[in-house]
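Hi,

Here is the structure I promised to pass on to you. Have a look at it first, and then read on for what turned up in it.

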Amino acid sequence: MQTVLFHSTIFGPIRSRRLGVSLGVNLTPDDGKICSFDCLYCEAGFNAQGPGTTGFPPRERVARLLETRLKNMSEAGEPLDVITFSGNGEPTLHPEFSGVIDDTLRIRDMYYPAAKVSVLSNSTRLDRPEVADALRKVDNNILKLDSAITETMHLIDRPNNPEFTSGKAVEDIARFGSQCIVQTMFLRGEFDGKHIDNTTPAEVDALIDAYKKIGPREIMIYSIDRKTPAENLEKVGRDELERIGEKIASATGIPVQVA
């Protein structure tokens, strides 16, 4: 069974396809997974592996570990483009998420003031004022929208709350407008006997309508790059992604990054 990727609170730096040299921050347990989605393609595995035993890392510990790593990297002259909140689940589930963001911005400014702070979020907690306020402070507020059609979103992302809809996600993301980047994973495949494909003309057209409503500063589209917990998924090739990206950019006037 595929299990958690990150066994520490601070990890990397790694070379990100989308963000450059990235130092990761995992706000979920380092021996389990906690997420409000259970995506078929999640590199950290399915939620069924359990939340582990270590719990959410305390705010003070995150700050201490981050400062130590950034101080050491700075003294060694190592490059850094971005500090990225990702990890073994949804970072905005952390009970002190807002405070962690404040700490991170302060520490970033001490050691790598030119580095960006990015948060990869699945968009399920944007209706919480403290989460929304924190996300507005970061440089790259990257919000997931894998399908603008609820049935497809449920097949791919499998939200814990069955009442969560694509319409709800679009409505919440749209409150950020140009203060966000929308990220979409394109894939095809089969799971539990159901066919999945968010690359069809109907799916892409629905996403285009959603992107227009949201008005983000950028759209990121990508496909599978590593092993996924669901085995029968198909990576969408670069050429096809480029064609989808061109269609989206032409229809919306919004820059599209194909990763």
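Helix α1 covers residues 59-75, and both K71 and E75 belong to it, 4 residues apart, which is about one turn of the helix. Their side chains meet in a salt bridge, with N to O at 2.7 Å. E75 is exposed, at a relative accessible area of 56%, while K71 counts as partly exposed at 36%. Please keep in mind that this is a predicted model.

Another one joins D109 and R108, whose closest N and O atoms are 2.7 Å apart. Here R108 is buried, with a relative accessible area of 9%, whereas D109 is partly exposed at 45%.

The side chains of R188 and E240 form a salt bridge of 2.9 Å, N to O. R188 sits in strand β7 and E240 in helix α7 (residues 238-252), so this contact ties together parts that lie 52 residues apart in sequence. R188 counts as buried at 16% relative accessibility, and E240 is partly exposed at 21%. There is also a network in which salt bridges with shared partners join D127, R128, K168, E171, D172 and R175.

Strand β7 leads us to a sheet. Which order do its strands follow? The sheet is open, has 3 strands in the order β8-β7-β10, and its pairing is antiparallel. β8 (194-197) and β10 (233-235) stand at the edges with a single partner strand each, so one side of each has no neighbour in the sheet. From one strand to the next, the twist averages 10°. β7 spans residues 187-191 and pairs with β10 over 3 bridges in the antiparallel sense; L187, for instance, has K235 in β10 as its bridge partner.

Now for the protein as a whole. Its secondary structure comes to 7 helices and 11 strands. The radius of gyration is 18 Å, close to the 18 Å that the globule rule gives for 259 residues, so the protein is as compact as a globular protein of that length. Along the principal axes, the C-alpha atoms fill a box of roughly 50 × 40 × 35 Å. Buried residues make up 55% of the 259. Of the contacts with a separation of 6 or more, 72% come from residues 24 or more positions apart. The protein exposes about 11,100 Å², and carbon and sulfur atoms supply 48% of that area.

Enjoy exploring!

Best wishes

Methods:
Residues are numbered from 1 along each chain as its sequence is written. This is a predicted model: local features need pLDDT of at least 70, side-chain atom pairs count only at pLDDT 80 or more; totals for chains, interfaces and linings use all residues. Side-chain values use heavy atoms; hydrogens and water are left out. Two strands pair if DSSP finds at least two bridges between them. Helices (H or I, at least four residues) and strands (E, at least two) are DSSP runs, numbered from the N terminus. Axes are lines fitted to C-alpha atoms, for helices over the stretch in contact, and angles run from 0 to 180 degrees between N-to-C directions. The radius of gyration is taken over C-alpha atoms; the globule rule is 2.2 Å times the number of residues to the power 0.38. Buried means under 20% relative accessible area, exposed over 50%, partly exposed in between (1.4 Å probe, protein chains only). Contact means heavy atoms within 4.5 Å. Accessible areas come from the Shrake-Rupley method with a 1.4 Å probe; for residues, only the protein chains shown count as cover. A salt bridge is a side-chain nitrogen of Lys or Arg within 4 Å of a carboxyl oxygen of Asp or Glu.
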